[in-house]
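Student: I have the model open. Let's go through some of its residues and elements, one question at a time.

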Amino acid sequence: MASVARGDQDAFAALYGMLAPPVYGIALRTLRSPSHAEEVTQEVLLEVWRTAAAYRPDRGTVLAWVLTMAHRRAVDRVRSTQAAGDREARVALREPTVGESVADQAERLLDGQRVRRALAQLTRAQRESLVLAYYGGYSQREIAQHLDLPLGTVKTRMRDGLHRLRAALDDREPAATATATATARTA
């Protein structure tokens with residue numbers, strides 16, 4: 001690490017070879033996305049190169065220091081991704097679609113409220129899977145990986161949740177139900 005702190009590229013290459021697999025592993029476990037884990041791994045190892053002089057051997061091993069950075073960076077990425085999705089959802093609810101009439105805006109907002117009330121009637125597991133799919137844009141396979149569940153379990157939860165949503169929204173006309181389902185995807 002002292003050599004890396006002095007700018008020794010060969011020392012960094014050797015350190016990189018030792019650290020990249022565990023850093024990627026912790027990032028993948030936290031993020032559940034190979035592409036995001038790769039980005040976090042690159043960011044962390046670049047930070048190691050830049051801040052090698054900040055490492056203090058009396059405070060722990062190099063591996064512990066780097067894995068702590070990796071975990072923090074991965075958690076920050078999760079929070080950032082969630083915050084971006086939340087912002088987009090809030091903006092989508094506030095901003096009218098271009099050319100949308102006041103009546104259409106009101107209907108869209110009412111449909112969104114109905115969908116949210118219907119979602120509240122689902123079990124936590126059903127709601128979680130459907131929210132990840134429709135609001136988060138995850139595929140069923142990604143949801144299964146994210147929740148550390150078998151794919152079949154996720155499919156069952158989603159199917160059952162959609163049946164319950166449909167039943168909760170069936171008190172309206174079929175066209176309105178289709179509109180509310182589309183609203184759930186965009187709200």
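Student: Which residues does T41 touch, not counting residues up to four places away in sequence?

Tutor: Note that this is a predicted model. T41 sits in helix α3, residues 34-51. Leave out residues up to four places away in sequence, and the ones T41 touches are A20, V23, Y24 and A27.

Student: Is T41 buried or exposed?

Tutor: Buried means under 20% relative accessible area. T41 falls under that cut-off, so T41 counts as buried, with a relative accessible area of 6%.

Student: Which residue's backbone oxygen lies 2.8 Å from a polar atom of the side chain of T41?

Tutor: Start from the side chain of T41, in helix α3. A polar atom there lies 2.8 Å from a backbone oxygen, and that oxygen belongs to A37.

Student: Which residues of helix α6 are buried?

Tutor: Helix α6 covers residues 124-134. Its buried residues are A125, Q126, S129, L130, L132 and A133.

Student: What covers the buried residues of α6?

Tutor: The cover includes two helices, at residues 140-147 and 151-169. They are α7 and α8.

Student: How far apart in space are R127 and L162, C-alpha to C-alpha?

Tutor: R127 is in helix α6. In sequence, R127 and L162 are 35 residues apart. In space, C-alpha to C-alpha, the distance is 9.4 Å.

Student: Which residues is R127 in contact with, leaving aside neighbours within four places in sequence?

Tutor: R127 is partly exposed, at 28% relative accessibility. With the neighbours within four places set aside, the contacts of R127 are L119, A120 and L122.

Student: What is the phi of R32?

Tutor: R32 lies in the loop between α2 and α3. R32 is partly exposed, at 32% relative accessibility. R32 is not a glycine, yet its phi is positive, at about 60°.

Student: Where is D148, and what is its relative accessible area?

Tutor: D148 is in the loop between α7 and α8. Its phi is positive, near 55°, in a residue other than glycine. Exposed means over 50%. D148 passes that cut-off, so D148 counts as exposed, with a relative accessible area of 61%.

Key. Residues are numbered from 1 along each chain as its sequence is written. This is a predicted model: local features need pLDDT of at least 70, side-chain atom pairs count only at pLDDT 80 or more; totals for chains, interfaces and linings use all residues. Side-chain values use heavy atoms; hydrogens and water are left out. Buried means under 20% relative accessible area, exposed over 50%, partly exposed in between (1.4 Å probe, protein chains only). Helices (H or I, at least four residues) and strands (E, at least two) are DSSP runs, numbered from the N terminus. Contact means heavy atoms within 4.5 Å. A polar contact is a pair of N or O atoms within 3.5 Å; within protein, one must be able to donate a hydrogen and the other to accept it, and residues adjacent in sequence count only if both atoms are side-chain atoms.
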